[in-house]
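This report goes through a single protein model by topic. Please keep the sequence and the structure in view while reading.

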Amino acid sequence: MTSNQKWSDVLVISPGLESDHNVGWHRILHWVYSTFWINKDQLLCFSVIALFILFNIIGTRLSPNKAAWTIILILMFFFDRSIILRTMLGRPFIFSNIVTLILLKLWFIDSKEELSRLIIYSISIILLSLAVWIHGTWYTFLLLPMALLLTSQIKKTFELTSCILLSTVIGAFMTGEFNEFLHFHLFFLRKFITGN
């Protein structure tokens with residue numbers, strides 16, 4: 001949103017879900033909109049193109065086989081176009097996907113490529129905090145430590161979970177609405193799990 005409207009002024013939303021869970025992304029878009037004096041169509045193009053290019057650059061750079069990344073994208077287009085189309089929506093969940101790709105590389109790298117733990121923690125906390133601020137759905141990142149746990153990497157599981165929880169607090173503070181942000185996500189998560 002480029003104005004100071006509330007979500008309830010723009011959309012019909014269930015009670016309790018009125019909070020903007022993409023605070024950071026909307027602040028970034030507002031900054032681009034007001035700084036570069038672009039119109040709403042250009043802002044939409046920026047959102048779609050920038051995230052799509054960033055996703056593919058990161059995916060290509062982190063992939064052990066550059067051609068494999070392209071081949072997988074082509075196969076996904078033929079077998080499930082919805083996956084590819086979702087990367088072209090210009091929505092902030094794509095940023096969370098980018099962060100997930102980087103975290104997979106950082107936490108699941110070979111020991112011969114191992115970075116120092118401090119560097120891994122620092123990069124993880126910065127990226128996760130940005131993802132929480134931009135996209136909001138911090139709990140989806142908990143799938144990564146679950147994968148580590150399934151491979152019996154208890155220490156890494158604890159470390160990554162700690163990074164995610166600390167980043168959630170930092171990202172919530174970055175929104176400027178700490179209590180509302182956490183309340184919204186816990187309320188939404190409970191509603192999603194229980195169906196009530």
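In which helix do Lys155 and Glu159 both lie, and how many residues apart are they? Both lie in helix α9, four residues apart, about one turn of the helix. Helices here are DSSP runs (H or I, at least four residues; strands are E, at least two), numbered from the N terminus.

## Basis of the model

This is a predicted model, in which local features need pLDDT of at least 70 and side-chain atom pairs count only at pLDDT 80 or more, while totals for chains, interfaces and linings use all residues. Residues are numbered from 1 along each chain as its sequence is written, and side-chain values use heavy atoms, with hydrogens and water left out.

## Salt bridges

A salt bridge is taken as a side-chain nitrogen of Lys or Arg within 4 Å of a carboxyl oxygen of Asp or Glu. By this rule there are two salt bridges. In one, Lys155 pairs with Glu159, with the closest N and O atoms 3.6 Å apart. In the other, Arg117 pairs with Glu159, and here the closest N and O atoms are 3.0 Å apart. This second pair links distant parts of the chain: Arg117 is in helix α7 (residues 117–134) and Glu159 is in helix α9 (residues 154–175), 42 residues apart. Side chains of opposite charge can pair when their charged atoms come close.

Glu159 is buried at 9%, Arg117 is partly exposed at 22%, and Lys155 is exposed at 63%.

## Nonpolar cores

A nonpolar core is a set of buried Ala, Val, Leu, Ile, Met, Phe, Trp, Tyr and Cys residues joined through side-chain atoms within 4.5 Å. The largest one has 34 residues, and those with the most contacts inside it are Val99, Leu103, Trp107, Leu128 and Phe141. At least two residues of this core come from each of α2 (23–35), α3, α4 (66–79), α6 (93–107), α7, α8 (143–150) and α9. Helix α6 supplies the largest share, nine residues. A second, separate core has five residues, among them Val132, Trp138, Tyr139 and Phe181. In soluble globular proteins, nonpolar side chains tend to be buried together.

What does Phe141 touch, leaving aside its neighbours within four places in sequence? Phe141 is in contact (heavy atoms within 4.5 Å) with Ser96, Val99, Thr100, Leu103, Leu128, Ala131 and Ile164.

His26 is in helix α2 and is buried, at 8% relative accessibility. A polar atom of the His26 side chain lies 3.0 Å from the backbone oxygen of Asn22.

Leu54 belongs to helix α3 (residues 40–62) and is partly exposed, at 35% relative accessibility. Leu54 and Ile94 are 40 residues apart in sequence, and their C-alpha atoms are 9.1 Å apart in space.

## Loop residues with positive phi

Trp37 is in the loop between α2 and α3. Its phi is near 50°, a positive value in a residue other than glycine, and Trp37 is exposed at 77% relative accessibility.

Ser152 is in the loop between α8 and α9. Although Ser152 is not a glycine, its phi is positive, about 60°. Ser152 is exposed, with a relative accessible area of 59%.

Key. Buried means under 20% relative accessible area, exposed over 50%, partly exposed in between (1.4 Å probe, protein chains only). A polar contact is a pair of N or O atoms within 3.5 Å; within protein, one must be able to donate a hydrogen and the other to accept it, and residues adjacent in sequence count only if both atoms are side-chain atoms.
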